[in-house]
Number of protein chains: 2
Amino acid sequence: MTPTENVAPRILVIEDEPHMLRNLTTILRIEGFEPIPADNGIRGVELARSRTPDLILCDRMMPGMDGFSVLAELRITASTAAIPFIFLTARGERDDFRAGMTHGADDYLTKPVKVDELIAAVRTRLARKREAAALDAGATHRPASPSELVRLGISEREADVLYWLIEGKGNADIAAILGIAPSTVKKHLEHIFEKLGVENRTAAIMTALQAPR
Amino acid sequence: MTPTENVAPRILVIEDEPHMLRNLTTILRIEGFEPIPADNGIRGVELARSRTPDLILCDRMMPGMDGFSVLAELRITASTAAIPFIFLTARGERDDFRAGMTHGADDYLTKPVKVDELIAAVRTRLARKREAAALDAGATHRPASPSELVRLGISEREADVLYWLIEGKGNADIAAILGIAPSTVKKHLEHIFEKLGVENRTAAIMTALQAPR
DNA sequence: GCCTGCCTACGGCAAAGGTCGGATCGGGTC
DNA sequence: GACCCGATCCGACCTTTGCCGTAGGCAGGC
């Protein structure tokens, strides 16, 4: 239904050992995923923020920034906090495993990892995430700022108006807030309605809330 | 902020061995959780549906319905699909662990389980879940049917009106859809506004969408 | 029985919403 | 420069909404 259903899930792979990193990316690509390689923790965090992958595979022991730090770092940023995170490590002791899970990882794979184990783990976590998203079939999102609304194909000023409209303000209130005449607000709304293809303010609100983020 | 923040998280414990079940519930209660005991899989699924716990601890090997079946059963129902699910089992082999995780469990504890391990695992999964919910600070929900809106404290007919209001209809449209006079629609809206404590239709929409489900 | 809450309906009026015409400004193109 | 186009702004006008009062029918609780 959505245009995104056929795109390959993007998997960020954070692994300092070059050979291992190549292997992982190759396997993932063959299995139909789009791997994003990162050869250290810092780079991994950067890529997680800039590319917002669908899942993260991360080595636990790395020079510089280790796996725990990467995980902790990603959890504090809203945009990356919900991404499934799988540890990949040579340490297979029970205590290591528990430490990984307790830090908030979603799975813990021990090297040497079998290909089908890896793929199954990735598929399961992706499915679990999608499942949670699918539960929100009627999910909508209240924008945190006007700029978030520009993606609807409206100008910045129009986004300002739409933002306050969603906050439940009347035209007079919006005019006062933005420091313009009420008639101007109406004109902006006129354009907004046209661009969104709706007839009135209530319909405009719903299309704005339901638009893909 | 919410009134629910101080209530003890409800933990459903599914375990066939009576001694073990008592131990677990005792530990959980001491740690400030509200345990819900179930001594077999079938009963566990029932309780999961009727009590909607915040987390589920489930033994893997049980007579009758085993842990995998319980998990699979819970995943198909929308209301229980997102509940964190932790396996608790005597089988600590690597393959068993992987099987559990691949089936979609969120963690896998092996007996004998240390108390602090158990508590840490439970706390982590609860935190992870809450985190995901908190991310949706701006999350709203578009109702699938008018009856979904009755929880706002409005009558059924008022819910009908509010439903179509959210669909972006004008008063005249709503009157036509419901087969009543436009003036009646206005009267219903009047009551709705009062009950929701809002001033206009746009604000009514937002409070309806943002109300806790 | 009586009272209360809900659903229905009408008319009127002020306020807000929505549509139109018209205007300026800046950036880009020919 | 002349031109077009989009964004922004404003005022005038008609339509819709919101808010009052009023009121009959109907179900359920005291």
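**View 1. B:T184 and its neighbours at DNA strand C.** In this predicted model, a polar side-chain atom of B:T184 sits 3.2 Å from a phosphate oxygen of DNA strand C. That makes a polar contact, meaning a pair of N or O atoms within 3.5 Å; within protein, one must be able to donate a hydrogen and the other to accept it, and residues adjacent in sequence count only if both atoms are side-chain atoms. A:N171 reaches a phosphate oxygen of DNA strand C too, with a backbone N or O atom at 2.7 Å. A:E190 goes for a base instead: an N or O atom in its side chain is 3.5 Å from a base nitrogen of DNA strand C.

A quick word on conventions: residues are numbered from 1 along each chain as its sequence is written, chains are lettered from A and ligands numbered from 1 in the order in which they are written, and side-chain values use heavy atoms, with hydrogens and water left out. As the model is predicted, local features need pLDDT of at least 70 and side-chain atom pairs count only at pLDDT 80 or more, while totals for chains, interfaces and linings use all residues.

**View 2. The whole surface near DNA strand C.** Here 18 residues surround DNA strand C, the closest being A:N171, A:K186, B:S155, B:R157 and B:H188; a residue is near a strand if one of its heavy atoms lies within 4 Å of it. Of the atoms of DNA strand C that come within 4 Å of the protein, sugar and phosphate make up 54%. Three elements each supply at least two residues of this surface: α9 (182-196) of chain A, plus α7 (156-166) and α9 (182-196) of chain B. Helices (H or I, at least four residues) and strands (E, at least two) are DSSP runs, numbered from the N terminus. Sorted by class, the surface near DNA strand C has eight charged, seven polar and three nonpolar residues. In this scheme Ala, Val, Leu, Ile, Met, Phe, Trp, Tyr, Cys and Pro are nonpolar, Asp, Glu, Lys and Arg are charged, and the others, Gly among them, are polar.

**View 3. DNA strand D and the residues around it.** DNA strand D is surrounded by 20 residues, with A:S155, A:R157, A:A181, A:T184 and B:K186 the closest. Sugar and phosphate account for 57% of the DNA strand D atoms within 4 Å of the protein. Which helix gives the largest share of the surface near DNA strand D? That's α9(A), with six residues. Zooming in, a polar side-chain atom of A:H188 lies 3.0 Å from a phosphate oxygen of DNA strand D, and a polar side-chain atom of B:K186 lies 2.8 Å from a base oxygen.

**View 4. B:N171 in its setting.** B:N171 belongs to helix α8 (residues 171-178) of chain B. One of its polar backbone atoms is 3.1 Å from a phosphate oxygen of DNA strand D. Leaving aside neighbours within four places in sequence, B:N171 is in contact (heavy atoms within 4.5 Å) with B:V185, B:K186, B:L189 and B:R201. B:S183 is 12 residues away from B:N171 along the chain, and their C-alpha atoms are separated by 8.5 Å.

**View 5. Where chain B meets chain A.** The contact draws 50 residues from chain B and 49 residues from chain A. Together the two chains bury about 3,700 Å², 46% of it on carbon and sulfur atoms; buried area is the accessible area (1.4 Å probe) that two parts lose on being put together, summed over both. B:R94, B:R128 and B:R142 supply 16% of the area that chain B buries against chain A, more than any other three residues. Eight salt bridges run between the chains, a salt bridge being a side-chain nitrogen of Lys or Arg within 4 Å of a carboxyl oxygen of Asp or Glu. One of them pairs B:R98 with A:D107, the closest N and O atoms being 2.6 Å apart. On the side of chain B that touches chain A, α6(B) gives the most, with eight residues.

**View 6. A salt bridge within chain A.** The side chains of A:D59 and A:K111 meet in a salt bridge at 3.5 Å, N to O. The pair links distant parts of the chain, 52 residues apart: A:D59 is in strand β3 (residues 55-59), and A:K111 is in the loop between β5 (107-110) and α6 (115-135).
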